[in-house]
Amino acid sequence: GIEMNEYLNRPYVGFHYSIAHEWANFGYMYQRLSAGSFINNGLEQGQISYNLKYFTPLLNADGRYNYRLFVRTSYKIGINRFEDEFLQISKGSDIRGLTSRNLRGNQLLSANFESVCYSPHEPLGFRFVYFIFFDVGMLTNRKKS
């Protein structure tokens, strides 16, 4: 596409590739690679991102409680961003519950781990699900150590 504004017109190019596979005894894996950038005397305001999502098949240790494990990783890097443009940890996708405008950089690596336990109990017709998660992330600025 082409961005047309009061200062300049510049083309934008990008691509998105994803693949998924399911293994009967191993689980399900999804991968996505995306890249995009404006072109104005080279690449400008671009980003490359890679995401990996995995979850196990439904597991059962004792015959009553079923559970599943989830893993998600994400890596993003900005390409020739403007001085006031940064990647930030987002509340919904990187680290749950963490938001701060001060946590920003040019590269972002995050990982999320979650275990979900499906209870066999159904009080009042509702089935309970217990879960625990762990999120971790790292932001860096390539211009600073």
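These notebook entries record what I looked up about aromatic rings in this predicted model.

**Entry 1: Aromatic pairs**

I searched the whole structure for aromatic pairs and found 7. I describe a pair of aromatic rings by the distance of the centres and the angle of the planes.

**Entry 2: Phe-113 and Phe-134**

I looked up the rings of Phe-113 and Phe-134, whose centres are 6.3 Å apart. Their planes stand at 25°, and planes under 30 degrees apart count as stacked, so I recorded this pair as stacked. I then located both residues: Phe-113 is in strand E9 (residues 107-118), and Phe-134 is in strand E10 (residues 129-140). The two are 21 residues apart, and the pair links distant parts of the chain. I also checked the accessibility of Phe-113, which is partly exposed at 37% relative accessibility.

**Entry 3: Phe-131 and Phe-133**

I next looked up the rings of Phe-131 and Phe-133, with centres 6.3 Å apart. Their planes are at 15°, so I noted this pair as stacked. For Phe-131 I read 53% relative accessibility, which counts as exposed. For Phe-133 I read 38%, which counts as partly exposed.

**Entry 4: A charge over Phe-133**

I looked at the face of the Phe-133 ring and found Arg-96 lying over it, at 4.0 Å from the ring centre.

**Entry 5: A cluster of rings**

Which residues do ring pairs link into a cluster? I noted Trp-23, Phe-26 and Tyr-54 as the members.

Definitions and conventions:
Residues numbered from 1 in each chain as written. Predicted model: local features only at pLDDT ≥ 70, side-chain atom pairs only at ≥ 80, totals over all residues. Heavy atoms only, no water. Phe/Tyr/Trp six-rings, centres within 6.5 Å; stacked < 30°, edge-to-face > 60°. Helix = DSSP H or I, 4+ residues; strand = E, 2+ residues; numbered from the N terminus. Buried < 20%, exposed > 50% of the residue type's maximum accessible area, 1.4 Å probe, protein only. Lys NZ or Arg CZ within 6 Å of the ring centre and 35° of its normal.
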